[in-house]
Amino acid sequence: MIQSADIREWRNQEVLDDEDKKIGTLEAVYVNTRSDEPAVVTVAVGLPTRRRLVFVPLAGAVVGPGYLRVAYGKSVVKDAPSMGTDDVLPAENEREIFTHYGLPYEPGAGGERQLARR
């Protein structure tokens, strides 16, 4: 499991797919509101004038020196739910991220959001 104490060190690191192909640059980490453990990251992809942030779960991810390797292929990640670089993830869009990756989704405590940006 990836320890949340490492979150600050991950920003701006390269994000690689399961075959070590570069996907983009890590932009932010979202934690599970129930456990406060890192759950999802946003990765900046695209051309500098057309950047967007895609969401990638951390399940199966590996942190190395200068990179984060996720357990998904580049094409799967590029087709994932995304948002603009200045946008905020609406709570009602969280389920879409988990569904894209075939992962179960459970709202946070009291039916509130499951993910919080750190």
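## Briefing: strands, core and salt bridges

R11, E27 and R117 are linked in a network of salt bridges. A salt bridge here is a side-chain nitrogen of Lys or Arg within 4 Å of a carboxyl oxygen of Asp or Glu. This is a predicted model: local features need pLDDT of at least 70, side-chain atom pairs count only at pLDDT 80 or more, and totals for chains, interfaces and linings use all residues. Residues are numbered from 1 along each chain as its sequence is written, and side-chain values use heavy atoms, with hydrogens and water left out.

**Overall layout**

- The chain has three helices and eight strands. Helices (H or I, at least four residues) and strands (E, at least two) are DSSP runs, numbered from the N terminus.
- Read from the N terminus, the order of elements is α-β-β-β-β-β-β-α-β-α-β.
- The chain has 118 residues, and 42% of them are buried. Buried means under 20% relative accessible area, exposed means over 50%, and partly exposed lies in between (1.4 Å probe, protein chains only).
- Take the contacts between residues at least 6 apart in sequence: 49% of them join residues at least 24 apart. Contact means heavy atoms within 4.5 Å.

**Strand β3 and its partners**

- Strand β3 spans residues 38-45, and eight of its eight residues are buried.
- On one side of the pairing list is β2 (residues 22-32), antiparallel to β3 over six bridges. Two strands pair if DSSP finds at least two bridges between them.
- V45 has R52 of β4 as its bridge partner.
- In a regular strand the side chains alternate between the two faces of the sheet.

**Hairpins and positive phi**

- The hairpin of β2 and β3 has five residues between the strands, and D36 takes a positive phi near 60° there. D36 is not a glycine. With a relative accessible area of 40%, D36 is partly exposed.
- The hairpin of β3 and β4 has six residues between the strands. Here G46 has the positive phi, near 100°.
- N12 is another non-glycine residue with a positive phi, about 70°. N12 sits in the loop between α1 and β1. Its relative accessibility is 58%, so N12 counts as exposed.

**Nonpolar core**

- The largest nonpolar core has 31 residues. Such a core is a set of buried Ala, Val, Leu, Ile, Met, Phe, Trp, Tyr and Cys residues joined through side-chain atoms within 4.5 Å.
- Y30, V41, V43 and V56 have the most contacts inside this core.
- β2, β3, β4 and α3 each supply at least two residues of the core. β3 gives the most, with six residues.
- Which residues does V41 contact, leaving aside its neighbours within four places in sequence? V41 is in contact with L26, A28, V29, V54, F55, V56, L58 and L68.

**Salt bridges**

- The structure holds six salt bridges.
- E27 and R11 form one of them, with the closest N and O atoms 3.7 Å apart. E27 lies in β2 and R11 in the loop between α1 (7-10) and β1 (14-16), so the pair ties together parts that are 16 residues apart in sequence.
- E27 is buried, at 14% relative accessible area, whereas R11 is partly exposed, at 43%.
- K22 and E14 meet through their side chains at 3.9 Å, N to O. K22 is partly exposed at 40% relative accessible area, and E14 is partly exposed at 36%.
- E106 and R34 meet in a salt bridge at 3.4 Å, N to O. E106 lies in the loop between α3 (94-100) and β8 (115-117) and R34 in the loop between β2 and β3, so the pair ties together parts that are 72 residues apart in sequence.
- E106 is partly exposed at 49% relative accessibility, while R34 counts as exposed at 54%.
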